[in-house]
Amino acid sequence: MAQSPKQPLIETTDLVKKFGAFTALNGVSLKVYPGEVHALLGDNGAGKSTLIKLLSGVFAPTSGTINVEGKTVSFVSPRNATDAGIGTVYQDLALNPLASVTRNFFLGRELTHFGGPFGLMKMNEMHRIAAEEMAKIGINIADPEQAVGTMSGGQRQTLAIARAIYFGAKVLILDEPTSALGQRQQMEVLKTIRRVQKLGNIAIILITHNEIHARLIADRFTFLSLGEVIGSGTSDDLKGDDIKRLMAGGAEIGDLAKELAV
Amino acid sequence: MNAPVASRQESDRHERKSWLKSLFARPEIGPVGVMLLLFGMLGYFSIPAGEFSLNPFAGEGFNALGIRNNLRVISQLTIIALGAGLLIIAGEFDLSIGSMIGFAGACMAMILRWGFSIVIPYLSFEGGLHIEFFTLIHIPDVSPLGAIGITLCFTLFFGWLQGFIVVKSGLPSFIVTLGGLFFLRGLTEVSLRSFNHRADQVKGATTVTEIPDLKNIINLPGHGEIEREAAKALPEADLLALMKDVPADVIASIAERLAYTYQRVADAKTGIIATKGVKPLERALENAIESGNEFMVTTIRDKIANFSIEPVVPKTVTDADVARAYIDSISSARPVADFFGGDILQPLFDWLYFPIDWNTNNFGNQFASGLYSCVMISLILCMVCYVMLSKTQAGNWIYSTGGNITAAKANGVPTNKVKVCLFIFSAFCATVFAACQVFEVNTADAAKGNLKELEAIAAAVIGGIVMTGGFGTVVGIVVGAFIFGLAKEAFFYIPGIDGSFYRVFLGLVIIASALLNENIRKRIMGAI
Ligand SMILES: Nc1ncnc2c1ncn2[C@@H]1O[C@H](COP(=O)(O)OP(=O)(O)O)[C@@H](O)[C@H]1O
Ligand SMILES: [Mg+2]
């Protein structure tokens, strides 16, 4: 692997996560650099979601360390991870579909006129910021009062991403952002990711099943299989066939053909 | 990568609504329509038979007394519907509201009646094994504020406990608060029975009676604290002595008002006597016309035309009358009791009686002295809840907790705290409801508040609260309470219809509202 001169924003060393007797992750190490899209690929059940849950403070690792900007961190709640600059955009996007764009954008971090949960919200300012931040990475919303439930899947992704960035995410974790979308909207999301990449200071961990998307946008790849890293490298290191092979869990196409021929 | 900005953007596909369209898309529009319909029905049907009026305020439903009574029912329901509704918006239920009302009322009443004690039970072996009680503290005279405060300690604790169990165990709140429903009702009955071994109560009764009329205790110069009625029954000499220190202009204005009232009462009496006198003559005239007796017809017509009676002479205003009226005007020495159980807006209702002559019953007296205080209390609560739910951070947390709890959690919303606080708030509302009742009627009954939890939930549903949470407004809750409160009255006045049809009507309204709410929710979720 070509050593990047930059310091990794986030670096994991030998992360292990066990659920009882089941080892979901068995010693995963990875480095993510600012301004890069790091694709995390692997079969269903490979441990991708588990890995990002460790990074985002949902679970604590059984062993191993997580370093953010060179400092070792240990998260006890998602809040710690957010505070450390790790913004996670979950598959369900953590949005309340019944509420407005603005209310979702500022959910849990509302701007208020005075402290405490009973402080009046600065609604106008919140509307303005939400619209501005979303425009920065790709969409103009007509009406910040629009309920999120009525927005397209791509727009929702953009909302969730814009929100994470606005609230100080240096590392953006996207868990299968394109999986539930149609072709057009998938492209919209990729465009959004590309705009974030161009900002230069944000590292993106992209979990995807889609080889084409990964190839289009990723600068670096890590392949997981059965809880272990089976390959990694920059887009220059990996040739098309490598990616295909590694995505299939490290097996050669010939092996797979043999497996099928019972 | 950055393509030139396309002329057509995604946002253009989102139609901007005109204000009229968005008004009709509001979830409250259906309930508001039903409410207006009920207003019309109540106004129209409560106009006495044979009279025609386009003024809905002419009927019994909206005369001063009608408004006083209807608003009381509606406000009381609003108070608990706010507690229930906010909790439903956050995705949880409270079925213990009704029992909480009974419990809080009994608790408050017992403290007001017999004081507050902390007792330690212990086993005694003297004369056979039995439980004895050692009284640690006994405070015989607890102020209204104290009684409410102590009661709140219990009820808010229960609210907290239910919420705590729900969020910690993950059990459906339906089950946990169903337990609360039985537990609290039982606890209320048990405590009342065991306390009612007292000599001054019916043994085993589940009521508390003869609480002093606290809101009407006044500070009378020379007599100290005294109940208003007792003060008015003082010997005349005492009453006259009392008026010595009252400024002359106050006395003059009271005397003027009394004279006005007596005049109106006398006029009303005259009117009643006149109609009574003319009625037999009119009947005789009909008979005469039927029998064709020309002579009789003309004589009776003459008699009716010349019919007159001596107008009733108004009572003269005595000094004692003035003193009694003055006693009525002294404000309560127990402002807290008055705040919950007294009347408000008396000056307005006086004005409606004196200068503009609308608040007058058939006998010439003032119809209603004011509105029940619970109207003001529910208004205050509504405003607080409205601001909190739609304008503050807490409101956004409530919506998101009910709308998508995992999203709320992922964004750092303390969803458990939100829920527990709302369980506590629901208990608070039930306690406020109980305080209004206890201080108004000065009794408590273990059966108070029965089924109120369902009424509160029904009002919330009618007002557009979605049962699965995340959606609804305070305005909606109030409209729901209005519909619930008005339906009973409106159906009562419809001629030739069983009054219980209001329940049939409400049943249909509840189902229709729930369907409508679900439809709106689905549309917002993008499913339609
Ligand atoms: N909370 C959990 N408890 C037990 N096992 C889990 C838990 N979460 C995930 N797993 C298991 O860990 C493995 C990896 O899951 P996951 O990280 O979700 O895979 P991926 O996202 O790559 O499809 C799966 O076999 C899954 O069943
Ligand atoms: Mg997954």
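**Sheets, helix packing and ligand shell**

User: Which residue stands opposite A:Arg220 in E10(A)?

Analyst: The model is a predicted one. Strand E9 (residues 220–225) of chain A and E10(A) run antiparallel and are joined by six bridges. Within E10(A), the residue opposite A:Arg220 is A:Thr234.

User: What is the bridge partner of A:Thr222 in E10(A), and which residue takes a positive phi in the hairpin of E9(A) and E10(A)?

Analyst: A:Thr222 has its bridge partner in E10(A), namely A:Ser232. The hairpin of E9(A) and E10(A) has two residues between the strands. A positive phi near 45° is taken there by A:Leu226.

User: In what order do the six strands of the open sheet lie, and which are the edge strands?

Analyst: The pairing in this open sheet of chain A is mixed, and the order of its six strands is E6-E7-E8-E3-E9-E10. Each edge strand pairs on one side only, and the two are strand E6 (86–89) and strand E10 (228–234) of chain A.

User: By what angle are neighbouring strands of this sheet turned against each other on average?

Analyst: The average is taken with strand direction ignored. For neighbouring strands of the six-stranded sheet, the angle is 15°.

User: Which strands does H1(A) touch where it packs on the sheet, and what angle does its direction make with that of E3(A)?

Analyst: On this sheet H1(A) touches strand E3 (37–42), E6, strand E7 (171–175), strand E8 (203–207) and E9 of chain A. The direction of H1(A) makes an angle with that of E3(A) of about 135°.

User: What angle does the direction of helix H6 of chain A make with that of E8(A)?

Analyst: Helix H6 (residues 183–199) of chain A also packs on this sheet, where it touches E3, E7 and E8. The angle between the directions of H6(A) and E8(A) is about 155°.

User: How many bridges join E1(A) to E4(A), and which residue of E4(A) stands opposite A:Thr13?

Analyst: E1(A) and E4(A) run antiparallel and are joined by five bridges. In E4(A), the residue opposite A:Thr13 is A:Thr65.

User: What is the bridge partner of A:Val68 in E5(A), and which residue takes a positive phi in the hairpin of E4(A) and E5(A)?

Analyst: Strand E4 (residues 63–68) of chain A runs antiparallel to E5(A), with three bridges between them. A:Val68 has A:Lys71 as its bridge partner in E5(A). Two residues lie between the strands of this hairpin, and the positive phi, near 50°, belongs to A:Glu69.

User: Which element supplies the largest share of the shell around ligand 1?

Analyst: Strand E2 (22–32) and helix H1 (48–55) of chain A each supply at least two residues of this shell. The shell divides into five nonpolar, five polar and two charged residues. The largest share is three residues, and they come from H1(A).

How values were computed:
Residues numbered from 1 in each chain as written. Chains lettered and ligands numbered in written order. Predicted model: local features only at pLDDT ≥ 70, side-chain atom pairs only at ≥ 80, totals over all residues. Heavy atoms only, no water. Helix = DSSP H or I, 4+ residues; strand = E, 2+ residues; numbered from the N terminus. Nonpolar A, V, L, I, M, F, W, Y, C, P; charged D, E, K, R; others polar. Pairing = 2+ DSSP bridges. Axes fitted to C-alpha atoms, helices over the stretch in contact; angles between N-to-C directions. Contact = heavy atoms within 4.5 Å.
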